[in-house]
Amino acid sequence: MTAPPRVSVLHLVGSAVDNFHAELSRLYARACLDVLADRYDVLLAYVSPDGSWRFPDDLTDAALSSATAVPISQAITHLRSLRVDVVVPQMFCLPGMTSYRRLLSALRLPYIGNPPEVMEFAADKATTRSIVAQAGVAVPNGEVVRAAEQTTLPLPVVVKPVCADNSVGVSLVRAPAQLRPAIDLARQHGGSALVESYVALGREVRCGIVVRDGELVCLPLEEYAVDASTKPIRDQTDKLRRTDRGDLYLVAKDPRHAWIVPTDDPITEAVWEVARRCHRALGCRHYSLFDFRIDPDGKPWFLEAGPYCSFAPTSVIAVMAAAAGIDVAELFADQLREIGLEEAPCLTAQR
């Protein structure tokens, strides 16, 4: 008896914006492939910052250099010629999370992850906080500041770009003289700044949710190393750094910077409850991820949403799922079922 064909998975990698996002995308995608490539028929599409596409055999520098660069029109023709069962979007730049997902929908290529409108909400911190606040989730007092405007909020405040990831351009302002430079810094990364009242520490955690058989399953929380005196907020250096050779690596995977919270911790249930509200209010599907500040009274305050997962073992949702006994292979198979796909029986039996 002939075995059914294996599920064909296209990984959409790269960045249409800059080399940093392209490098970040490759970092996660390669880690995902290390775990899942043997289970599926893997296809790769790589988008360069100049807008060209490549269809390499792997994600090494040599493979990318030798792959022919083609314009998007030819890339679309090639995509239509492939047998693709599902796409895993691995792009973290804003167009990659929005426009390229719309392209997948236009080509009728199913993909795992949140739709572009959800990604747009999440990328705009001011919009996201407004949506979750309407769902009854506590958010710090906040104002959007443009150009030469000032904030009316009393100090201390946290100033951040409205649209930027990885804590780029984030500042804690305690003195009036610090405010204008902090706003100018934030505005360099998107044109406007979000100024929020500083929530006293507390703790800072992330909550991931995965959809399994149509149900929202909250995962163990991940907590981050913050300290009211020495580290009152997390900044870019707490998330990404480079080695002496210049290679990008993930700081938050160091146990000195992040760790899993036991599920019997008193804050867990409170965070899970508001995370479910955030998931539903934003219209998330498949999975979601939210950051919360916990004040000294144990009350969670919404900070931001990051509703993406690369299915790399180092991806936050994958780390949380592993703590719940769900490895990456099982996590990915669950998501295939959510979109109506099943692994070939011979693969399922290998679990």
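Student: What is the relative accessibility of Arg102, which counts as partly exposed?
Tutor: This is a predicted model, in which local features need pLDDT of at least 70, side-chain atom pairs count only at pLDDT 80 or more, and totals for chains, interfaces and linings use all residues. Residues are numbered from 1 along each chain as its sequence is written, and side-chain values use heavy atoms, leaving out hydrogens and water. Buried means under 20% relative accessible area, exposed over 50% and partly exposed in between, with a 1.4 Å probe and protein chains only. Arg102 counts as partly exposed because its relative accessibility is 36%.

Student: How many residues apart in sequence are the parts that the pair of Glu120 and Arg102 ties together?
Tutor: The side chains of Glu120 and Arg102 meet in a salt bridge at 3.1 Å, N to O, where a salt bridge is a side-chain nitrogen of Lys or Arg within 4 Å of a carboxyl oxygen of Asp or Glu. Helices (H or I, at least four residues) and strands (E, at least two) are DSSP runs, numbered from the N terminus. Glu120 lies in helix 6 and Arg102 in helix 5 (residues 99–106), so the parts tied together are 18 residues apart.

Student: Which residue forms a salt bridge with Arg6?
Tutor: A search of the whole structure finds 16 salt bridges. In the one formed by Arg6, the closest N and O atoms are 3.4 Å apart. This pair links distant parts of the chain, 35 residues apart, with Arg6 in the segment before strand 1 (8–14) and its partner in strand 2 (residues 41–47). The partner is Asp41.

Student: How far from Glu304 is the nearest side chain of opposite charge?
Tutor: Glu304 lies in strand 16 (residues 300–305), and although buried, Glu304 has no salt bridge. With Lys and Arg counted as positive, Asp and Glu as negative, and His and the chain ends not counted, the nearest side chain of opposite charge is Lys125, at 4.3 Å.

Student: Within what arc do the buried residues of helix 7 fall?
Tutor: In helix 7 (residues 125–134), the buried residues are Lys125, Ala126, Thr128, Arg129 and Val132. They line one face of the helix, because, seen down its axis, they fall within an arc (of the directions from the helix axis to the C-beta atoms) of 160 degrees.

Student: How many residues are in the largest nonpolar core?
Tutor: A nonpolar core is a set of buried Ala, Val, Leu, Ile, Met, Phe, Trp, Tyr and Cys residues joined through side-chain atoms within 4.5 Å. Among the members of the largest core that touch the most others are Leu36 and Phe311. The number of residues in this core is 33.
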